[in-house]
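Thanks for coming. I will keep this short and go from the whole chain to a few contacts.

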Amino acid sequence: MRLRADCLAACLALGLANNAWAATSAAPASSASAATRNAAPVGTYLTRDEIRTAAAKLRADSNLGGEKPVRTLRWNEVAQTATPPPRWLTQLFDFFARSSSLLLWIVGAPCVATAVVWAIRVLRHRAPPAAPAERAVTTVQGLDIRPESLPENIGAAAQALLEAGREREALSLLYRGALSRAVHRHGIAILPSATEGEALRAVNATLDPPRAAYFTDLVALWQRAVYAGETISATPIHRLCRGFAATLEGAAP
């Protein structure tokens with residue numbers, strides 16, 4: 001606003017000066033007539049003091065000059081200092097940093113143990129069921145070899161049949177008893193359709209030599225009596241009756 005007032009004052013002074021110059025330039029042309037009429041000049045020069053006085057009046061005018069306060073918005077550039085965290089919080093984070101490995105073991109060990117137990121239970125549930133045990137053979141070539149179908153003392157019962165003159169029945173009882181003990185006591189796999197030769201091979205592949213030799217002698221006498229129709233003397237049958245319990249009743253070595 002002050003600059004505006006100065007500009008107006010300068011323009012006013014310049015205008016007054018131009019008027020004075022114009023009046024001066026026109027004075028020689030009309031000097032004769034003015035002198036004759038004895039009139040005052042059209043314009044006069046302004047001194048510097050008059051110009052300053054006129055400019056001061058313009059500045060004093062409230063509509064043209066003066067200074068007015070103007071309010072503007074500015075960013076507050078005052079630096080704000082950060083407040084440090086409390087000491088207990090800093091010490092807590094320092095403790096966690098120093099004991100992170102220990103906390104990892106404390107938290108991780110129960111998790112690992114739980115995972116192992118869960119995996120074992122899952123594997124147990126998913127494991128295939130055990131195959132059912134094979135049913136033991138009850139007959140071989142039509143002969144009943146169930147332990148409950150035989151007398152408790154097979155050797156003594158066969159000896160009683162032999163003394164009664166029933167040699168073939170005594171051999172049949174000894175052969176049934178030998179097959180029963182081989183299958184149910186010594187765990188030898190003998191098929192229901194196995195012949196005497198097949199049963200003998202299975203026994204020789206599993207039992208020890210003394211038991212295998214007993215079974216071999218028994219099968220030989222049995223085949224001679226059944227298939228050859230021979231009459232077997234009582235002496236070898238008597239020997240098999242006495243050796244049955246000692247040879248086949250005991251567990252396999």
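What does the accessible surface of the protein come to, and what share of it belongs to carbon and sulfur atoms? The surface is about 18700 Å², and carbon and sulfur atoms hold 60% of that. Please keep in mind that this is a predicted model.

Now the overall layout. The protein has 10 helices and 2 strands. Going along the sequence, the order is α-α-α-α-α-β-β-α-α-α-α-α. Of the 253 residues, 25% are buried. Taking the contacts with a separation of 6 or more, 67% are between residues 24 or more positions apart.

Next, one helix pair. Two packed helices are described by the angle between their axes and the distance between the axes. Helix H6 covers residues 154-163 and helix H10 covers residues 234-249; their axes come within 8 Å and cross at roughly 170 degrees. An angle over 145 degrees counts as roughly antiparallel, and H6 and H10 are therefore roughly antiparallel to each other. On the H6 side, the contact is made by Ile154, Gly155, Ala158, Gln159 and Leu162. On the H10 side, the residues are Ala234, Ile237, His238, Cys241, Phe244 and Glu249. Sorted by class, this contact has 7 nonpolar, 3 polar and 1 charged residues.

On to the aromatic rings. How many aromatic pairs are there? The count comes to 3. In one of them, Tyr175 and Trp222, the ring centres are 5.3 Å apart and the planes are at 15 degrees, so this pair is stacked. Tyr175 sits in helix H7, residues 167-185, and Trp222 in helix H9, residues 209-226, so the pair ties together parts that are 47 residues apart in sequence. Are these two residues, Tyr175 and Trp222, buried or exposed? Both are buried. Ring pairs also bring in Phe215, which forms a cluster with Tyr175 and Trp222.

Then there is Tyr214 with Phe244. This aromatic pair is edge-to-face, with 6.3 Å from centre to centre and 70 degrees between the planes. Tyr214 belongs to helix H9 and Phe244 to helix H10, and the pair links parts of the chain 30 residues apart. Tyr214 and Phe244 are both buried.

Technical notes: Residues numbered from 1 in each chain as written. Predicted model: local features only at pLDDT ≥ 70, side-chain atom pairs only at ≥ 80, totals over all residues. Heavy atoms only, no water. Axes fitted to C-alpha atoms, helices over the stretch in contact; angles between N-to-C directions. Helix = DSSP H or I, 4+ residues; strand = E, 2+ residues; numbered from the N terminus. Parallel < 35°, antiparallel > 145°, perpendicular 65-115°, else oblique. Contact = heavy atoms within 4.5 Å. Nonpolar A, V, L, I, M, F, W, Y, C, P; charged D, E, K, R; others polar. Phe/Tyr/Trp six-rings, centres within 6.5 Å; stacked < 30°, edge-to-face > 60°. Buried < 20%, exposed > 50% of the residue type's maximum accessible area, 1.4 Å probe, protein only. Areas by Shrake-Rupley, 256 points an atom, 1.4 Å probe, with all protein chains shown as cover.
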